[in-house]
Amino acid sequence: MGQLVAIVGRPNVGKSTLFNRLTQSRTAITDPTAGTTRDRQYGKVDWTGHEFSIVDTGGWVVNSEDVFESEINKQVELAIEQSDVILFVVDAMNGVTDLDDHVAEILRRSRKPVILVANKVDSNEWVYNVPEFYSLGLGDPYPVSAVNGYGTGDLLDEVVKDLPEPDEDKEALDDIPKFAIVGRPNAGKSSIINAFIGAERHIVTDIAGTTRDSIYTRYSKFGFDFYLVDTAGIRKKNKVNEDIEYYSVIRSIRAIEASDVCILMLDGTRGIESQDVNIFSIIQRNKKGLVVVVNKWDLVEDKSTAAIRHYEAAIRERFAPFTDFPIIFTSAITKQRIYKVLEEAVEVYGNRRRTVPTSQLNTTLQEDIAAYPPPSNKGKFIKIKYITMLKGAQVPTFIFFCNLPQWVKEPYRRYLENKIREHWDFTGTPINVFMREK
């Protein structure tokens, strides 16, 4: 399973800017106004061959400093519980504040690796402010500038060094398919697992609970044999007060990275919400198989064929450009079509492992390429000479050998992917299409 790094700190210290720098993206919105980040941002970082996940905890818009402090407490406590390494970001320009001291006190009591990041060292004069942060009692502060990248290489070296070794027990599960049940809180994840296994193993309440890691449930009935991966657990009610959106993203990251196929639960009574799209994007970035389940269909008044088609079209539109995945309308309470969910998940897993002979690939796809060749560039024509499928890849990966691979643009790659899906069944699984020079 993947490793998770959380960025925490008081508002306006540059957490989102650091997130964008480390993920080499502009996903997180940055603004001098405190509390700009509301939706939790998730990304992948690849450094010296080590890949790990990173989440930006963001900030809150509040009316008083007391509420501000309580919300920061929640994000720090949840980061401590769910992440493997914590990046505690402080502002080198402003120095140590009371809120920094408060967060540091919580982090000192934790047993998780904490890396102190002194951000906004945008010029040499601010380096002299960094020793002030030794007073937080969290070891050496790493001076960085998220704006220009200064010091981020040394920071990533330290992150990689502090990441735990992969769990050997979970690595041993690789031979058996793992299906993750994911979705926003109260979409019916635990209810459908209970329906699958025919027992009340997972507690079902209207309160979002949490556990430290994923729960594996072996399912070996009706000719199936796989693991169901869920992270639903139990906590006392007075402990379950963390921000629901952030909790569900953290929880989904863990489950998704531990799986082969993700069963994304949508609440049929509420439609598609931004959190569903966030979780879908995590599934896509991790290149996992996908089955979409619209739960609570028994509570929907209009169950006509036209309503189902409208719902399906809306889902595919929100999840575009990836639209080749099964959608099932079910009810965990009445057990309507729940075993169809398992059948589709098994089929998607099989599609992920499907191989196409090289001779068949070249015979079939060369006709499509001849019918619609790659557009020429500056009077030069691209000639695709040979196609093969990479063996041993986690997802179906196709290599197209040609004379000018750098000039093959995304629209034509998508055309090739669509033709592959047209000729062979890769429903529910992402496909990699790479161009290589022959």
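# Close-up views of a predicted model

View 1. L156 is found in helix α4, which covers residues 152–162, and the structure shown here is a predicted model. With a relative accessible area of 6%, L156 is buried, because buried means under 20% relative accessible area. Leaving out residues up to four places away in sequence, L156 touches L22, V45, W47 and F52. One of these, W47, lies 109 residues from L156 along the chain, yet the C-alpha atoms of L156 and W47 are separated by 7.0 Å.

**View 2. The whole chain, as a setting for the close-ups.** The secondary structure of the chain comes to 12 helices and 15 strands, and of its 438 residues 53% count as buried. Among the contacts between residues at least 6 apart in sequence, 70% join residues that are at least 24 apart. The chain exposes about 20,600 Å², of which carbon and sulfur atoms supply 48%.

**View 3. The open sheet around β4.** An open sheet of 6 strands has the order β2-β3-β1-β4-β5-β6, and its pairing is mixed. At the edges stand β2 (41–47) and β6 (142–143), each with a single partner strand, so one side of each is left without a neighbour in the sheet. In general, the strands of a sheet pair through backbone hydrogen bonds, either parallel or antiparallel. Strand β1 (residues 4–8) pairs with β4 in the parallel sense over 4 bridges, and within this pairing V85 of β4 is the bridge partner of V5. Strand β5 (residues 114–119) also runs parallel to β4, and the two are joined by 6 bridges, with I115 in β5 as the bridge partner of L87. Further along, 2 bridges join β5 to β6, which run parallel, and Y142 in β6 is the bridge partner of V117.

View 4. Strand β4, helix α3 (residues 98–109) and strand β5 together make a right-handed β-α-β unit. The two strands of this unit, β4 and β5, are the parallel pair joined by 6 bridges.

View 5. In soluble globular proteins, nonpolar side chains tend to be buried together. The largest nonpolar core of this model has 35 residues, and those with the most contacts inside it are V182, L264 and I315. A second, separate core has 25 residues, including F196, V261, A332 and I338. Returning to V182, and leaving aside its neighbours within four places in sequence, this residue is in contact with K189, S252, A255, I256, C262, I263, L264, M265, I279 and I283.

**View 6. Helix α12 and what covers it.** How does the span of helix α12 agree with its 14 residues, and what should that span be? Helix α12 covers residues 410–423, and at 1.5 Å a residue it should span 20 Å, which agrees with its end C-alpha atoms being 20 Å apart. Within α12, the residues Y412, Y415, L416, E417, K419, I420 and R421 are buried. What covers these buried residues includes helix α11 (358–371) as well as the strands β13 (384–389), β14 (397–402) and β15 (432–437).

View 7. A cis peptide bond, with omega about 10 degrees, joins A320 and P321, and P321 has its place in the loop between α9 (305–319) and β12 (327–329). T48 is found in the loop between β2 and β3 (50–56), and its phi is near 50 degrees, a positive value in a residue other than glycine. At 55% relative accessibility, T48 counts as exposed. R337 lies in the loop between β12 and α10 (338–352), and although R337 is not a glycine, it has a positive phi of about 60 degrees. At 38% relative accessibility, R337 counts as partly exposed, because this class lies between the limits of 20% for buried and 50% for exposed.

Terms used
Residues are numbered from 1 along each chain as its sequence is written. This is a predicted model: local features need pLDDT of at least 70, side-chain atom pairs count only at pLDDT 80 or more; totals for chains, interfaces and linings use all residues. Side-chain values use heavy atoms; hydrogens and water are left out. The expected span of a helix is 1.5 Å times one less than its number of residues. Buried means under 20% relative accessible area, exposed over 50%, partly exposed in between (1.4 Å probe, protein chains only). Contact means heavy atoms within 4.5 Å. A nonpolar core is a set of buried Ala, Val, Leu, Ile, Met, Phe, Trp, Tyr and Cys residues joined through side-chain atoms within 4.5 Å. Accessible areas come from the Shrake-Rupley method with a 1.4 Å probe; for residues, only the protein chains shown count as cover. Two strands pair if DSSP finds at least two bridges between them. A crossover is right-handed if, with the strands pointing away from the viewer, the path from the first strand over the helix to the second runs clockwise.
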